[in-house]
Amino acid sequence: MAAPRLQVSYAPADTLPQQLADPQVLAVLGFGTDAPVLDDPRWLRVPLEPLQGPPCIEVWRAAAPVSHGRDDGVAWATDDRLLFGALEVDEGEEGIEAATARAYSRLVAFVGASQMPRMLRIWNYLDAITLGDGDEERYRRFCVGRVAGMGGMDTSSLPAATAIGRCDGQRRLQVYWLAAREPGTPLENPRQVSAYRYPRQYGPQPPSFARAMLPPADGAMPLLLSGTAAIVGHASQHCGSVSAQLDETLANIDSLVEAARRLQPSLPATLGSGSALKVYVREPGDAATVAAQLDARLGPSVPRLLLHAHVCRRELLIEIDGVHGATATAKA
């Protein structure tokens, strides 16, 4: 069987019909309330509003023709090497902790029963992520529910992940993921305490993710970067300054790329056209500052989307996730 391949790119939103007509497209993500509602299981509408530029979609392209469908509320697509999956769970009266446990229980069962049982990357989007005080904060309850749904936390095999707050007032947890036949290699950041080792001050259950994931060694896939913010050790930095937080966030990404290159020297040393970044900005009024700073730091060659979202700590104004190291040119 051929090695897995994944290309992640951004394309104009009006190319959506062409993207979904491509038999090798594994998934397409559209952002904001203007994104259409479609029945194709490969299409996921993400209710995070774009902050700058013309409407774009995120396209995942695999190595071979893709089959897809829906089972028990899970939308899925696979090329028999990689598996895209997505599900949504209404919180209802049970709250975010129970809804998360239910979502992750379904995720674990679905992936475990598939031929692609190795989790590489998970994204989690939930409304009002920092609402609540102390251990009742919604993100802290989400962390408790996630581990309950996973059936425990094996820190040696945690996937890369993002948990970001939507701003739409809809209490509906949205989870999507990438899995593979073979495991990847979880990576940690030398500048940061591993999230799963955070001290008790951050809640009763530490966050359960790796800082990045090197994909299976025999594949042609990018480095998968988790949601990354201005945290050094375990402490937030530069409170009140989005510009300084962006610099610190990029320093953390550089550190992760350096750590990955120790294991995979073929990875480019710096972000470039083979990278694709989602930039989550808490305050829409900061978008122009962030965009200008990214232009100055990265130049125009690094594809990126700016999205309105809340980070999982109230003092953090920006977070970035994405991929690095594979061609990011979209097929129009």
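Which residue just after α3 takes a positive phi? Glycine G151 does, with a phi of about 80 degrees. The model is predicted: local features need pLDDT of at least 70, side-chain atom pairs count only at pLDDT 80 or more, and totals for chains, interfaces and linings use all residues. Residues are numbered from 1 along each chain as its sequence is written, and side-chain values use heavy atoms, with hydrogens and water left out.

The chain contains five helices and 18 strands. Helices (H or I, at least four residues) and strands (E, at least two) are DSSP runs, numbered from the N terminus. A compact globule of 332 residues would have a radius of gyration near 20 Å, and the value of 18 Å for the chain agrees. This radius is taken over C-alpha atoms, and the globule rule is 2.2 Å times the number of residues to the power 0.38. The C-alpha trace spans about 45 × 45 × 40 Å along its principal axes.

Of the 332 residues, 58% count as buried. Buried means under 20% relative accessible area, exposed over 50%, and partly exposed in between (1.4 Å probe, protein chains only). The chain exposes about 12,800 Å². Carbon and sulfur atoms supply 51% of that area. Areas come from the Shrake-Rupley method with a 1.4 Å probe; for residues, only the protein chains shown count as cover. Contact means heavy atoms within 4.5 Å. Among contacts between residues at least 6 apart in sequence, 76% join residues at least 24 apart.

Helix α3 covers residues 138–150. Its 13 residues should span 18 Å at 1.5 Å a residue, and its end C-alpha atoms are 18 Å apart, which agrees. The expected span is 1.5 Å times one less than the number of residues. Helix α3 is mostly covered, with 11 of its 13 residues buried. Among them are R138, Y139, F142, C143 and V147. The cover over the buried residues of α3 includes helix α2 (95–112). Strands β8 (118–127), β9 (160–166) and β10 (172–180) also belong to this cover.

Residue L306 lies in strand β17 (residues 304–308). L306 is buried, with a relative accessible area of 8%. Leaving aside residues up to four places away in sequence, L306 touches several residues, including E49, P50, L51 and Q52. Other contacts of L306 include V279, V281, A287 and L294. G285 is 21 residues from L306 along the chain, and their C-alpha atoms are separated by 12 Å.
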